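Please have a look at it first, and then follow the points below.

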Amino acid sequence: MSALTLSTSSAATLRADAIVVGVTKGPKGPVVASGAEAVDKAFDGKLATVLETLGATGGEGEATKLPAPSGLKAPVVLAVGLGDAPAKDEGFDHEALRRAAGTAARALTGTKKAGFALPTEDAEAAAAIAEGALLGAYSYDAARVNGKKDAQKNAPLAEIALLGTKPRDKAFKAAAERATVVCEEVNRARDLINMPPNDLHPKSFAATAQAAGKEYGLKVEVLDEKALLKGGFGGLMGVGQGSTVPPRLVRVAYTHPKAEKTLALVGKGITYDSGGISLKPAGHNETMKCDMSGAAAVFGAVVAAARLGLRVNVTGWLALAENMPSGSATRPGDVLRMYGGKTVEVLNTDAEGRLVLADALVRASEENPDAIVDVATLTGAMVLALGNRTFGVMANDDAFRTSLYEIAEEVGEPAWPMPMPAELRKSMDSPVADFANIGERMGGGLLAGVFLKEFVGEGITWAHLDIAGPAYHESAPFGYTPKGGTGSAVRTLVRLAEYTADGDLG
Ligand code: BES
Ligand code: MN
Ligand code: ZN
């Protein structure tokens, strides 16, 4: 990942390839934002006029490159739009800063070092800029991920200097360190999601978790197909039995000696979802390597909690399987016995996520954690309901659902609370099992939540994040969001772990 430094240097004297400045959208044209005073001075105070002449308005997503005047050490100035200026006594919206920094980092692909002279009122604003820049400067590089050295042609911006910050100030230092860890873990999740499914399958995902777990002092336990069969994990075995690569359940545990609370995170880890015998039609298969995004987010969040040394126990459960059609695959009509004994008639093998999650939720419940959050690319219905950028939040506890929704908002991950109407349960009745894995078509995302609820232990607070929309970004990059895996939910889970550690969640 790119390197981040805090710097007291002035934008005029910093040796870098580019200086990034912010511009807001004023009533009469672009307005240079605070932080860019030295740059504006080098333009004889005419930076806004120059930008307006070039067609800039200060709108969000805008990036305008200019040759730097002689007063600056850097050869290029990059002006990024921040949108409307904040109200008089208010600071900039952190998500606007994050996105502008991300846009800047992407526009500087191929350059080595940039100084960011964006408005940094306090450590939180600096953290937002750092996050945007570190996340925007991401690109999937197979050679890097596979540990080979070949230099990438269009390498992301390598060095990010945050100007106007205080490197020796405790709050600024902590903000920069946290941003580095969190973004490294978001980018780790993105790498896992972007890896082709012939390279990332249940076995290699489990091996990766073991290796990274060792590096960060986590306890990693892997149940292989023999252990899963013996243990009665019928959901994972049933979904994975059509593939030549068998399923895995991985438990990744971070513990703190003084922790008072334990958080369990459960991730859907379908390394490829073909639909199985209920095969997906062409056009619906091409991006289904992303169906392990929940497990990737959970893994990234547990590693982040460990690296940040949070005073909370966080246990991640990665439910890994490949959903393939074959002579050994589960048929529509088969009945599976899930971990814990409940039986499910599989009427559609493409509703596989809820089956692997059921096993993992029952197993996670056995340890009686203070709360469980599962994360899954679970339903196309949630994408129809909330679109491509917003995840749905369901829960068996109103306050917990609200907390998760608010946390997501706070960290810049769009989310929305969704209900779990009890009447949907009846449509999953089965004549041959406790229930079927599908029911009525309307409200399909909510129905999936109602199904999962059946597998959460009595009295355990639980939330379900359906990230099918935002997990994988197919259109043009924007802000700090690249094409492909986004690492959706990592930042929400890390903040949740922090609040749980601080006892701020009741
Ligand atoms: N992995 C898919 C859901 C999905 C859709 C994720 C689009 C990301 C983008 C899931 O396993 C699935 O196939 N769900 C079915 C359920 C249906 C058969 C009840 C769906 O949503 O169509
Ligand atoms: Mn499916
Ligand atoms: Zn799926």
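1. Start with one pair: the side chains of Glu498 and Arg495 meet in a salt bridge, at 3.1 Å from N to O. A salt bridge here is a side-chain nitrogen of Lys or Arg within 4 Å of a carboxyl oxygen of Asp or Glu. Glu498 and Arg495 lie 3 residues apart in helix 15, so about one helical turn separates them. Glu498 is buried, with a relative accessible area of 11% (buried means under 20%, exposed over 50%, partly exposed in between, with a 1.4 Å probe and protein chains only).

2. A word on the basis of these values. This is a predicted model, in which local features need pLDDT of at least 70 and side-chain atom pairs count only at pLDDT 80 or more, while totals for chains, interfaces and linings use all residues. Residues are numbered from 1 along each chain as its sequence is written, and side-chain values use heavy atoms, leaving out hydrogens and water.

3. Arg495 has another partner: its side chain also meets that of Glu410 in a salt bridge, at 2.9 Å from N to O. This pair links distant parts of the chain, with Glu410 in helix 13 (residues 398–411) and Arg495 in helix 15 (residues 490–501), 85 residues apart. Helices are DSSP runs of H or I with at least four residues, strands are runs of E with at least two, and both are numbered from the N terminus. Glu410 is partly exposed, at 37% relative accessible area.

4. Now step back to the domains. The chain is divided into domain 1 (3–167) and domain 2 (187–502), with bounds from an automatic or database domain assignment. Their centres, taken over C-alpha atoms, are 36 Å apart.

5. Across the interface of domain 1 and domain 2 the rule finds 2 salt bridges. Glu131 forms a salt bridge with Arg491, the closest N and O atoms being 4.0 Å apart. On the side of domain 1 that touches domain 2, helix 3 (94–107), helix 4 (123–136) and helix 5 (142–145) each supply at least two residues. Helix 3 gives the largest share of that side, 6 residues.

Terms used
Chains are lettered from A and ligands numbered from 1 in the order in which they are written.
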